[in-house]
Amino acid sequence: MTTTSPSPAPTVTGGAPDFPAGTVEPEYLLTEALGTDPAAVFAGINAEDRKYWDRARRFVQEEVLPVIDGYWERGEYPLHLLHRLGELDLLRDGTAVDGFEPMSSMAAGLVNMEISRGDGSVATMIAVQGGLALRSVAECGSEAQKERWLPAIARGTEYAAFALTEPTHGSDSVALETTATRTDGGFLLNGEKKWIGNGSIGGVSVVWARGDDGQVHGYLVPQDSPGYAATRIEGKLALRAIWQAHIRLENVFVPESNVLPGARTFKDTARVLLATRLGVAWSAVGHATACYETAVQYAKQRKQFGRPLAASQIIQERLARMLSELATMQLMVVQMTRLDEAGTLTPEQASLVKYTCTRTARGIASNARDMLGGNGILLANRVARHLADIEAIHTYEGTETVQALIIGRGITGVSAFA
């Protein structure tokens, strides 16, 4: 009978067995801000705008990135980060508020980009609280409403929501069916809203409803109003660290003093949405930047076949392609923002920049996810969260299809909307 000797025990050095070092994966450092600007498009940013950008970057590096994975995975809303955005004056999305320093459209874009480079849910806090709700009051509110709400919303001491989308009216929001019926001293609101960020956390909702005249008007509705019932939407696979609500409005009384006097037709609603589409494009640049910079850092640190991934020709080609796409996005948002600051940005241009940037960001995120291999699906390695969140921003403020139809109408002069 043949016997086999047992394998020798591992050599013990200093009380512990030798371990094959090549089987131990290093801890990847993937969140450094690389300052990616291949076309030097940000070289001319002025000192005032740069100040906002730098403040946003410090906030991301020091306060967002260390904690956001946990909140995202658990589906919890880090309200303290919304408060910090207000304290740092990063919530306004360029809206002018008395007592606050001027914030240009360029500064607002840079903030949106930088916060999105950190996390999409936190950037959506700005989009909802500042881009939509604050702007609605600023553009359509009375002087008394502005005095009451603008400073509080801008500081994050009051929460605010923008309630336009309905369960059966998303892309065709102009056809909304929530009603506002005149009654003694005000109006009664009836209907439902869906996908309303901040709609269930207390504060005020800017509700858009159709009045007795058949036109769409805006109403400031405290969320503790009788008949206002909001349920948090669960099971989301994107923007998990901010809550959206399904709202039911059943005979909710709104006094005359809470009607936005400047919101007389859906065109006034569309004016608010036009401004936010540019902000979504900037957010897409931020997500794409995070994915690209993560891929670069991973490629330098990850070794396969005896060398860093960065030494591979195909990896370098893919990084070059991603950088080319990112540069295109950067150039487009800066140019469109210049048009916005000049007051000449058209709806077609706003749709074009949103359409281009969100769909390009999807491609960069997918490429980066693939480059990280199996590690690309781990929250700890950053890309997966951005990949999922880009799916949400690709849809909100108008889907790709709706943007294409707006662009197509501008090209042909013919509307393809029903």
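Guide: Helices (H or I, at least four residues) and strands (E, at least two) are DSSP runs, numbered from the N terminus. Asn198 sits in the loop between strand E5 (186-197) and strand E6 (204-210). This is a predicted model: local features need pLDDT of at least 70, side-chain atom pairs count only at pLDDT 80 or more, and totals for chains, interfaces and linings use all residues. Residues are numbered from 1 along each chain as its sequence is written, and side-chain values use heavy atoms, with hydrogens and water left out.

Visitor: Is Asn198 buried or exposed, and how do you know?

Guide: Buried means under 20% relative accessible area, exposed over 50%, partly exposed in between (1.4 Å probe, protein chains only). Asn198 has 0% relative accessibility, so it counts as buried.

Visitor: What is phi in Asn198, positive or negative?

Guide: Positive, about 70°, although Asn198 is not a glycine. Most residues other than glycine have a negative phi. Asn251 has a positive phi as well, near 50°. Asn251 lies in strand E9 (residues 244-255). At 46% relative accessibility, Asn251 counts as partly exposed.

Visitor: How are H9 and H10 oriented to each other, and how do you know?

Guide: Helix H9 (residues 347-371) and helix H10 (residues 383-395) cross at roughly 160°, and their axes come within 9 Å. Axes are lines fitted to C-alpha atoms, for helices over the stretch in contact, and angles run from 0 to 180 degrees between N-to-C directions. Under 35 degrees is roughly parallel, over 145 roughly antiparallel, 65 to 115 roughly perpendicular, the rest oblique. H9 and H10 are therefore roughly antiparallel.

Visitor: Which residues of H9 and H10 meet?

Guide: Contact means heavy atoms within 4.5 Å. On the H9 side, the residues include Lys354, Arg362 and Arg369. Val383, Leu387 and Glu391 are among those of H10. The contact divides into 7 nonpolar, 4 polar and 5 charged residues. Ala, Val, Leu, Ile, Met, Phe, Trp, Tyr, Cys and Pro count as nonpolar, Asp, Glu, Lys and Arg as charged, and the others, Gly among them, as polar.

Visitor: What makes a nonpolar core, and how many residues has the largest?

Guide: A core is a set of buried Ala, Val, Leu, Ile, Met, Phe, Trp, Tyr and Cys residues joined through side-chain atoms within 4.5 Å. The largest has 46 residues, and Phe42, Trp282 and Leu319 have the most contacts inside it. H7 gives the most to this core, with 13 residues. Beyond four places in sequence, Leu319 is in contact with Tyr292, Ala295, Val296, Ala299 and Met371.
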